[in-house]
Every structure is written in structure tokens, then in C-alpha cells.
Amino acid sequence: MSDEPTDKVAARPCPICGKPAVARYRPFCSSRCADVDLHRWLSGSYSIPGSTEEDEDGEDVSLVPRSPREP
Ligand SMILES: [Zn+2]
């Protein structure tokens, strides 16, 4: 697999600052911008609305203890 164009990697600009992205930190230009985006993501849209605890169906079936056989 040696089909990677190393010369023209920066096709998209960094979504944080707009500088040409670096292949190492794609799609960002540096680790700092990647970290900024990560913090935005964690503080922004990471919160899950509601609880998914009651979203498990069929859980009771596996939780039902089998009656032990008496010898
Ligand atoms: Zn950047």
C-alpha cells in the first residue's frame, strides 16, 4: 500500500484555525487544534439526552435465575 500522496495531503484546511492541515494531525494542523476540537466536542454534543438504562430489552430473560436441579 504505497499509494499515499505525501505531497498533496493538505486538501482540507484545519476546521479550527483554517490553516492547511498536517497529515500527522489530520484533519487538523496541529495537536493543539485537535485538542481544541476535542474539548469542543466533549463540552458540546457529548451529553446524551435522557437515560439509556431502560432501553435494554430482553435483559430480564438472562437475569432470571434458573431453578437448580435437585439431585
Ligand atoms: Zn489549526
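Residues are classed as buried under 20% relative accessible area, as exposed over 50%, and as partly exposed in between (1.4 Å probe, protein chains only). The model is predicted, so that local features need pLDDT of at least 70 and side-chain atom pairs count only at pLDDT 80 or more, while totals for chains, interfaces and linings use all residues. Numbering starts from 1 along each chain as its sequence is written, and side-chain values use heavy atoms, with hydrogens and water left out.

Of the 71 residues of the chain, 7% are buried. The secondary structure consists of two helices and zero strands (DSSP runs, H or I of at least four residues for helices and E of at least two for strands, numbered from the N terminus).

The zinc ion is coordinated by the SG atoms of C14, C17, C29 and C33 at 2.3 to 2.4 Å; donors are N, O and S atoms within 2.8 Å of the metal (3.2 Å for Na, K and Ca), and water is not among the atoms, so sites may look incomplete. The donor residues follow the spacing C-x2-C-x11-C-x3-C. C17 lies in the segment before helix 1 (31-44) and C33 within helix 1, so this pair ties together parts 16 residues apart in sequence. C17 is partly exposed, at 40% relative accessibility, whereas C33 is buried, at 9%.

Helix 1 also contains L42, which is partly exposed with a relative accessible area of 43%.
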